[in-house]
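Colleague: Please show me the model, and then let us go through it by question and answer.

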Number of protein chains: 2
Amino acid sequence: MSKPHILICNDDGITAPGIQNLTEAVKSFGHLTIVAPDSPQSGMGHAISVGKPLRLYESQLAHGRTGWACSGTPVDCVKLATGVLLKEKPDLLVSGINHGANSSISVVYSGTMSAAMEGAIEGIPSIGFSLCDFSHQADFSASQEIVKIIVERALNNPMPTGTLLNVNIPALPLDQIKGIRITRQAIGRWVEEFDQRIDPAGRPYYWLTGKFKIEDDGLDTDEWALANGFVSVCPVQFDLTAHHALPSLNHWNMHLP
Amino acid sequence: MSKPHILICNDDGITAPGIQNLTEAVKSFGHLTIVAPDSPQSGMGHAISVGKPLRLYESQLAHGRTGWACSGTPVDCVKLATGVLLKEKPDLLVSGINHGANSSISVVYSGTMSAAMEGAIEGIPSIGFSLCDFSHQADFSASQEIVKIIVERALNNPMPTGTLLNVNIPALPLDQIKGIRITRQAIGRWVEEFDQRIDPAGRPYYWLTGKFKIEDDGLDTDEWALANGFVSVCPVQFDLTAHHALPSLNHWNMHLP
């Protein structure tokens, strides 16, 4: 069997330590194509560039590697990779390693996870990796080992239909990580606290800040796993239908006049 | 009972005909607060503004109304509305009316639907409306009647837990619309076809284009409803866990060394 082809992307930008560490972790598994935003794109969700053209240019990376920098969003990167750069669908897409957690509701805001979701929509087995440490100087050495374990399994098992993986890694040395748990997305949300300031011209502006509030005491969630020293592997889907809500909506009796 | 408070937003921008028509349709139901982007934000998905501050300013709208224009994304609009402008949680959030369909996989790219999803995450009953006509001059008269029917029901029935509604309206006169169907999200995806051009300096750039490809022949989908002259009401959730995938992932046997 020929070596698998792995597409690597992220949302923190092509020069971020996280994507360099992801590349180091997966380099022995196959041929690599690296396509990532040319600037940080955190919080971009599943945004695509509508109404403005995209640039894609070769970029010299660490260890003599060549990658592609894209002027758009993380999802644009995946679309350009599969639509312009690659002749065949890659065997695996890995996104990250994100600087900061993407557990619970953060999955819907995350550019890292949206890149992975775009891969899954296109039929590519796809995994997003995040380390629970926002620091630019975060220690990714344990994360590299976790990535290797999960990528090896992903290359040797079929990805469940319509599914991608959201992997969150606690900020701990490898010998303090207790194991790997399959989890569900914890119920929770970000509670906004806007920081209002006045500019030199006397006009207000607002910085978005917020605190995460968990509303779930389950022992099977991603938040529980991380808080208890486990790696969380949460399967994510892009069929957003709330199937449980179909019966009650039929009782709304919506009719035309 | 006091009149309900309805928060109105969109992704096409505060001056779009769609949000003006939505406002006209819901004005008799309650007090209105209108907060929308100051420029078109189609395709922004669930993006939020990270690393740049937001502006929020009063805007004079048609019919002597006052609204709020926001420099950020559709999700930023909802966050600023609930975090800065409003003292109490609104009773209903309506987003749209989008110029163009948001059925099938388009829900994950849609700013209109992401604004509604943000409302739902914050515990507000939320509905996104889209008309299957991308034209700026689209006829929203049938859409106004559909909005009235659905908003009346939404104000008098509890929204199922963790759910928002994705309403898509066919581009037909009211007397040619066959009814309102509760649907599921059709399986499908956008297949990219990048239009590569060369700028005056000789460098390439890319326009994202694409064709929607349906991969679902179910009679219970949003795409089927729209193709057959029905309004589609699809319940959407923000718990993205692929619960069906949990058992097979447990068989991957991921262990630390």
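**Helix, sheets and contact**

Modeller: In chain A, 11 of the 11 residues of helix α3 (residues 111-121) are buried, so the helix is largely enclosed by the rest of the structure. Buried means that 20 or more other C-beta atoms, placed from the backbone, lie within 10 Å of the residue's own. Helices (H or I, at least four residues) and strands (E, at least two) are DSSP runs numbered from the N terminus. This is a predicted model, in which local features need pLDDT of at least 70 and side-chain atom pairs count only at pLDDT 80 or more, while totals for chains, interfaces and linings use all residues. Residues are numbered from 1 along each chain as its sequence is written, and chains are lettered from A and ligands numbered from 1 in the order in which they are written.

Colleague: Which residue with positive phi follows α3(A)?

Modeller: The buried residues of α3(A) include G111(A), M117(A) and I121(A). After the helix comes a residue with a positive phi, near 85°, and that is G123(A).

Colleague: In what order do the strands of the open sheet of chain A lie?

Modeller: Strands pair if DSSP finds at least two bridges between them. β3 (56-60) and β8 (179-182) of chain A stand at the edges with a single partner strand each, so one side of each has no neighbour in the sheet. The sheet has nine strands with mixed pairing, in the order β3-β4-β2-β1-β5-β6-β7-β13-β8.

Colleague: At about what angle to β2(A) does helix α2 of chain A run?

Modeller: Axes are lines fitted to C-alpha atoms, for helices over the stretch in contact, and angles run from 0 to 180 degrees between N-to-C directions. Contact means C-beta atoms, placed from the backbone, within 7 Å. Helix α2 (residues 74-85) lies across β1, β2, β3 and β4 (66-70) of chain A, and its angle to β2(A) is about 135°.

Colleague: Which residue is the bridge partner of R181(B) in β13(B)?

Modeller: β13(B) is joined to β7 (residues 163-169) of chain B by six bridges, antiparallel. β8(B) and β13(B) run parallel and share four bridges. In β13(B), R181(B) is partnered by S232(B).

Colleague: Why is β13(B) largely enclosed by the rest of the structure?

Modeller: One side of β13(B) carries F230(B), S232(B), C234(B) and V236(B), the other V231(B), V233(B), P235(B) and Q237(B), and all are buried. The strand is largely enclosed because the buried residues number eight of the eight.

Colleague: Which element gives the most to the side of chain B that touches chain A?

Modeller: The contact takes 68 residues from chain B and 68 residues from chain A. Elements of chain B that each supply at least two residues to this side include α3 (111-121), α4 (141-156) and β13 (230-237). The most, five residues, comes from β13(B).

Colleague: How many charged residues has the side of chain B that touches chain A?

Modeller: Ala, Val, Leu, Ile, Met, Phe, Trp, Tyr, Cys and Pro count as nonpolar, Asp, Glu, Lys and Arg as charged, and the others, Gly among them, as polar. On this side 40 residues are nonpolar and 20 polar, and the charged ones number eight.

Definitions and conventions. Two residues are in contact if their C-beta atoms, placed from the backbone, lie within 7 Å. A residue is buried if 20 or more other C-beta atoms lie within 10 Å of its own, exposed if 12 or fewer, and partly exposed in between; C-beta atoms are placed from the backbone.
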